Every structure is written in structure tokens, then in C-alpha cells.
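I opened the model to look up a few contacts, the core and the strand pairing. My entries follow in the order in which I made them.

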Amino acid sequence: MRKPPLLFRFITATRCRNESLNGIGGIVVEETAKTIKILTLTGAVKVLIKEDCWFYVDVDNCTYLVNGRKLINEDRERKIFKFIG
């Protein structure tokens, strides 16, 4: 079963291997099999590797802590979700 995409959800990175990425948050504008591209509150676009971080994800007024490895798509399910504006 395909997990719903994170597109347009607000996420915050935490527990990242690269500690400079901890606390970066924003709106997901693109999701690939192994990465998430977010638009931060300052207007910068950051690419985060899913398996290197944990994420706080806001869904329906609830915040969930999700291991990025659980967000990695299987090869047979590989799709790109992208905002085209």
C-alpha cells in the first residue's frame, strides 16, 4: 500500500547525521524516493536525505515523529511528487 505523500505538509528535521540540519523546517515542495525538498520560512530551498534524519510531520493538527528511513519508497513504488507553480 502506498503511503500518502508529504507534499505541502509542514515538517521539521531533527536527529540528523549532519547536525547543521537539525531544526530546519518548512513546507515540502518535492518528494523523491530518498529525498525531501522543503521551502523554509526564510524562502530558502533545502534538500534533506530521508535516511539521515528524523522528522516532525504535522498532519491534521497532530505532530508525529517519523524515522526518515520509514519514508523511503520501495523501487516498485518510486514516484516523484512535486509542486509545479
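I began with Lys-50 and listed its contacts (heavy atoms within 4.5 Å), leaving out residues up to four places away in sequence. Lys-50 touches Glu-31, Thr-32, Ala-33, Lys-34, Thr-35, Ile-36, Phe-55, Gly-68, Arg-69, Leu-71, Ile-72 and Asn-73. I placed Lys-50 in the loop between β4 (45-49) and β5 (54-59). Lys-50 counts as buried because its relative accessibility is 0%; buried means under 20% relative accessible area, with a 1.4 Å probe and protein chains only.

I noted the conditions next. This is a predicted model, in which local features need pLDDT of at least 70 and side-chain atom pairs count only at pLDDT 80 or more, while totals for chains, interfaces and linings use all residues. Residues are numbered from 1 along each chain as its sequence is written, and side-chain values use heavy atoms, with hydrogens and water left out.

I then took the chain totals. The chain has 0 helices and 7 strands; helices are DSSP runs of H or I with at least four residues, strands are runs of E with at least two, and both are numbered from the N terminus. Of its 85 residues, 34% are buried. I also looked at contacts between residues at least 6 apart in sequence, and 42% of these join residues at least 24 apart.

Outside the four places on either side in sequence, Ile-11 touches residues including Ile-36, Ile-38 and Phe-55.

I turned to strand pairing, which requires at least two DSSP bridges between two strands. β1 and β2 run antiparallel and are joined by 3 bridges; Thr-12 has Gly-25 in β2 as its bridge partner. β2 and β3 are also antiparallel, over 5 bridges, and a hairpin joins them through 3 residues. Glu-31 stands opposite Ile-36 in β3. Strand β2 (residues 25-31) is largely enclosed by the rest of the structure, because 6 of its 7 residues are buried.

Which ring does the charged end of Arg-15 sit over? I found the ring of Trp-54, with its centre 4.8 Å away; the rule asks for CZ of Arg or NZ of Lys within 6 Å of the ring centre and within 35 degrees of the ring normal.

Definitions and conventions. Buried means under 20% relative accessible area, exposed over 50%, partly exposed in between (1.4 Å probe, protein chains only).
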